[in-house]
Amino acid sequence: MSTVSERLAALRSAMRAAGVAAYLIPTGDPHSSEYLPAHYNSREYFSGFTGENSTLVVTLTKSALWADGRFFVQAEKQLAGTEIELMRMGEPGVPTVEQYCADALQEGEKLGLCGLTASCQLVRGLQKVLDPKGVTVCTLNLEDELWTENRPPLPATPAWLLPAEYAGATPAEKLARLRAKLAELGCTAQMVGKLDNLAWLLNLRAMDIECTPYAMAYCFVTQTEAVLFLNSERLAPEAAGELAACGVRLAGYDDVLSFIAGYSEPQTVLAEPASVNYAVFSALEANPALTVQSLPDPLLPMKGVKNATELEHARECHIRDAVAMVRFQKELEERLEAGETLTELTVDEMLHKYRSAQDKFLVESFGTIAAYGPNAAMMHYHATEADHAVLERRGFLLVDCGGTYMDGTTDITRTYPLGPLTEEERLCYTWTLQSHIDIAKAVWLDYCTGQMLDSIAREPLWQHLINYRCGTGHSVSFVGNVHEGPHSLNPRNQVVFEPGMVITDEPGVYEGGRLGIRIENELECREKTVNQYGRFLCFEPLTWVPIATSPIVPGVLTRDQLDWLNAYHRRVFEQLAPRLTDEERDWLARKCAAIGA
Ligand SMILES: [Mn+2]
């Protein structure tokens with residue numbers, strides 16, 4: 001196995017040979033996926049950083065990696081001992097990727113990148129800063145040239161269609177909705193770049209990305225047909241037949257660029273620069289028959305509001321997932337009580353045992369985060385064989401996990417007390433719970449955006465001059481990726497909340513080297529009432545799993561917060577009890593016991 005410094009040295013000699021002074025490696029596949037097929041983890045290969053949402057820039061003399069707030073601690077650890085400078089995104093004085101490239105490059109020099117794994121938006125952002133300096137962006141593919149050692153192959157898992165009884169609509173119905181929307185937007189066609197949007201449109205599923213049930217594919221939709229670029233041997237004949245009946249024609253995945261180049265019918269094509277890769281976007285623009293409209297993908301908001309069938313399935317799916325969570329917690333407590341040595345890795349094994357035993361289970365919805373003590377300060381920590389903690393009978397264990405089933409996708413975090421807690425742990429837990437409850441019980445008029453609602457969640461922590469460097473919550477796909485848009489709870493989101501949207505509620509406290517606390521439920525947005533003041537909306541939990549009450553500091557929760565918590569636990573018990581054994585039910589009753597002030 002080569003080292004990071006050997007890989008960077010090889011990259012620099014290839015850069016010299018290609019005549020580029022800098023090379024940029026985004027976290028990217030050809031579809032702007034958040035989690036990548038392992039084949040595309042080239043940023044990880046060249047940097048050693050295994051986190052998400054990051055960019056590596058290598059010049060002939062230096063290199064830098066941008067990490068977001070969730071990954072500062074992890075990136076510090078993983079970059080230690082390499083030449084790569086850590087850029088903490090969003091911190092004062094830290095340059096953006098664009099600024100850094102502009103500063104590092106001189107007039108007449110070139111920046112190289114791969115046109116398939118960079119989105120059009122990323123390249124445009126670079127060009128905006130580099131063009132005035134006389135620096136050009138050129139497409140190369142040094143990743144493919146240099147990363148041959150132990151590289152995972154291109155994914156090609158079996159592709160299948162999610163039945164309409166789960167999805168709530170057929171591909172034909174969804175195509176009709178999309179075509180009507182395109183007409184409204186003045187377009188006659190769309191190039192669909194993102195896998196989750198495409199999966200929703202055609203009910204297409206596969207397992208090309210770990211924990212993400214999608215197929216690597218593009219789709220070109222016109223008013224009369226849809227061309228699905230997917231290696232067709234992956235698709236079962238019945239699924240191919242069903243798609244053909246919906247007017248979907250198959251073409252090879254690798255034929256997308258030649259198809260665009262040879263297309264002769266005039267079309268006004270919607271393409272989203274953020275999710276269509278630079279190579280495909282440039283091919284669309286280069287074809288004189290096509291007029292490209294850079295617009296947000298209309299599929300995202302359609303997919304973000306769940307239909308009644310999806311919601312009904314999601315509610316049931318969350319109850320089965322909760323049964324698995326309860327069985328896990330009971331076993332965890334019993335084994336610790338018996339004096340067994342358990343590690344963060346045992347937690348993952350136990351969860352998998354109980355989740356995979358549930359009806360309709362497909363796969364974990366992401367790699368389980370089981371983080372003991374200070375490890376939990378790293379928001380997306382993953383224990384490994386080489387590096388993990390043994391659970392002690394004190395402090396907190398944070399567990400963030402979820403499953404994808406035929407009838408839904410779940411995402412839940414609980415912070416379990418394993419024994420005596422410090423005063424700081426108890427207070428931070430209590431304030432986090434207040435934040436969690438305040439957003440869960442919020443009631444608002446239907447003009448509120450994700451940004452406005454986000455402040456409601458942060459207020460209890462802000463009171464103590466504490467904040468979390470991430471959003472409060474994200475949307476979750478139906479039988480799909482665990483993080484989706486367009487709405488989210490964060491300080492920037494401008495999407496207005498509406499009934500049918502699903503969102504996570506996951507505030508937390510993260511103190512580097514000391515502790516990490518997070519409490520997460522999924523919520524669905526519902527209409528509460530319409531009266532003379534307008535339409536009021538609220539949330540209703542989808543997740544029904546007990547929240548530990550023993551760490552709560554007395555006298556801190558308000559009456560409303562206590563009422564919410566006690567009512568939540570009553571509902572948890574009512575819904576789970578019929579699915580549990582007598583012994584499990586007694587255990588759950590203790591966990592769901594009402595607490596006083
Ligand atoms: Mn989450």
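In which sense do β10 and strand β11 (residues 226-229) pair, and over how many bridges? The pairing is antiparallel and runs over four bridges. This is a predicted model. The chain is divided into domain 1 (4-146), domain 2 (160-302) and domain 3 (305-591).

**Strand β10 and its partners**
- β10 spans residues 218-222 and is mostly covered, with four of its five residues buried.
- A hairpin of three residues links β10 to β11.
- Across that pair, Tyr 218 has Phe 229 of β11 as its bridge partner.
- β10 also pairs with strand β8 (residues 189-192), again in the antiparallel sense over four bridges.
- There, Cys 219 of β10 stands opposite Val 192.

**Nonpolar core**
- The largest nonpolar core holds 169 residues.
- Leu 111, Ala 217 and Cys 219 have the most contacts inside this core.
- Helix α14 (residues 308-337) gives the most to the core, contributing ten residues.
- Beyond its neighbours within four places in sequence, Leu 111 is in contact with Val 20, Ala 22, Leu 24, Cys 101, Leu 105, Leu 126, Leu 130, Val 135 and Val 137.

**Domain 2 against domain 3**
- The C-alpha centres of domain 2 and domain 3 are 34 Å apart.
- Domain 2 puts 14 residues into the contact, and domain 3 puts in 22 residues.
- On the domain 2 side, α9 (195-202) and α13 (299-304) are the elements that give two or more residues.
- The residues on that side comprise ten nonpolar, two polar and two charged.

Methods: Residues are numbered from 1 along each chain as its sequence is written. This is a predicted model: local features need pLDDT of at least 70, side-chain atom pairs count only at pLDDT 80 or more; totals for chains, interfaces and linings use all residues. A residue is buried if 20 or more other C-beta atoms lie within 10 Å of its own, exposed if 12 or fewer, and partly exposed in between; C-beta atoms are placed from the backbone. Two strands pair if DSSP finds at least two bridges between them. A nonpolar core is a set of buried Ala, Val, Leu, Ile, Met, Phe, Trp, Tyr and Cys residues joined through C-beta atoms within 7 Å. Two residues are in contact if their C-beta atoms, placed from the backbone, lie within 7 Å. Domain bounds come from an automatic or database domain assignment. Ala, Val, Leu, Ile, Met, Phe, Trp, Tyr, Cys and Pro count as nonpolar, Asp, Glu, Lys and Arg as charged, and the others, Gly among them, as polar.
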